Amino acid sequence: MAIFPQTRTAEPLPVIARLPHRTGMQEGARRLPSLRHIGPNWYASVMGTAIVASAGAALPVDVPGLRGACTVVWALSAVLLAAVLAARAGHWLHHRDQARAHLLDPAVAPFYGCLAMALLAVGGATLTVGADVIGVRAALAVDVVLFAVGTAVGLVAAVVVPYLMVVRHRPTPGTASPVWLLPLVAPMVSASQGALLVPHLAPGQAREALLLACYAMFGLSLLATLVVLPLVFARLVHHGPLPLALTPTLFLVLGPLGQSTTAVNQLADAAPGAVAGPYASAFGAFAVLYGVPVMGFALLWLALAGAMVLRATRDGMGFAMTWWAFTFPVGTCVTGAAGLARHTGLDALTWLAVALYGFLVVAWMVAGARTVGGVVSGALTAAPVPPGAATARTR
């Protein structure tokens, strides 16, 4: 599988790299050879593209031409979503053995959370950016569908993946990975995207129910993250740095941090008219009281993860699909900082959002260009490196 381009030292190779090929499988691979190793991690490219559009639209500054550029990126994310959905459908249709192996692999199963987040990210970008092209009515309809499906998939993944880890995967001590956060952060994305839909509901029970449901998903994701994050840090402290190809996944920790900050700020914007005045004011205060400390920790983790990536780069880290971890998590920090800037009026938070967005755009362009090159060359759709093969493989 393409996200594991190097032989891993601290964790075992994914199950999918060890399964024997039977005759029926080989026939399926000959029919559609490029789809066999298209895993759920490919949805990260959709998420990373959509967040460039939505984060750009959320910036609290007026940049000439930015809105038009974000519209183009939104359209690209929609095309990517359709393409990856089709590829994954073909994967399940023609390579069911591999698809089942993905679910049974503790290194791959968490990426099913990316499906939910890809749907939600494109839906939110459609409402905030795509409405300029297709109109508010059509954009709202698209967002409602993608929000409903994405939220359902995310909630299922948040239960099923941890269940499989307990009863089937049984990961060994010292193998905790930031990837474990992926199915847990999906409900947090639903919380932030659901806030965009609250004002479109009629005042009354429905509007209040959606607002409070979003806060419930915020709490679900936050508390689950607080359970997993100590395991990830303990793995780093007691077992050393992650394998080179997995080092970029350290940026995934920024996802729940930035997304939760985004969620509380967007929900605070949606609270007036959905709940009684005292509660709406309390939600507004909570957005700042929660968001500022969490954004501070996000910057600390960004510095730590950046240092680890620089170390891995010096040691020869090559390109892998894990480089998409540099995009969506950072984008959530952009929208989180922008929300705090909106509620506090601080110029420092505005420029923080701008600086993070600059990093996001560069990371997206690099990851996108390298991914296109890998797809054209066939390197990213090739079989994973088997045990005993070369210790490094550049993507």
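Which helices each supply at least two residues of the lining of the largest cavity? They are α2 (43-58), α5 (112-134), α7, α9 (254-270) and α11 (328-344), where helices are DSSP runs (H or I, at least four residues) numbered from the N terminus. The model is predicted, so that local features need pLDDT of at least 70 and side-chain atom pairs count only at pLDDT 80 or more, while totals for chains, interfaces and linings use all residues. Residues are numbered from 1 along each chain as its sequence is written, and side-chain values use heavy atoms, with hydrogens and water left out.

A search of the whole structure finds two cavities of 30 Å³ or more. A cavity here is a set of points, on a 1 Å grid over the protein atoms alone, where a 1.4 Å probe fits but cannot get out, and its lining residues have an atom within 4 Å of a point.

| Cavity | Volume | Lining by class |
|---|---|---|
| Largest | about 220 Å³ | 17 nonpolar, four polar, no charged residues |

Of the 21 residues that line the largest cavity, Ala44, Cys114, Leu182, Leu252 and Ala325 lie nearest its centre. The second largest cavity is lined by Leu254, Ala298, Leu299, Leu302, Val330, Cys333 and Leu356, and the largest share of this lining, three residues, comes from α10.

Arg170, in the loop between α6 (136-169) and α7 (182-197), has a positive phi of about 50° although it is not a glycine. Most residues other than glycine have a negative phi. Arg170 counts as exposed because its relative accessibility is 60%, exposed meaning over 50% relative accessible area with a 1.4 Å probe and protein chains only.

Key
Buried < 20%, exposed > 50% of the residue type's maximum accessible area, 1.4 Å probe, protein only. 1 Å grid on protein atoms, 1.4 Å probe; cavity = no way out; pocket = protein on both sides within 12 Å on 5 of 7 lines; lining within 4 Å. Points joined across faces, edges and corners; volume = space filled by probe spheres on them. Nonpolar A, V, L, I, M, F, W, Y, C, P; charged D, E, K, R; others polar.
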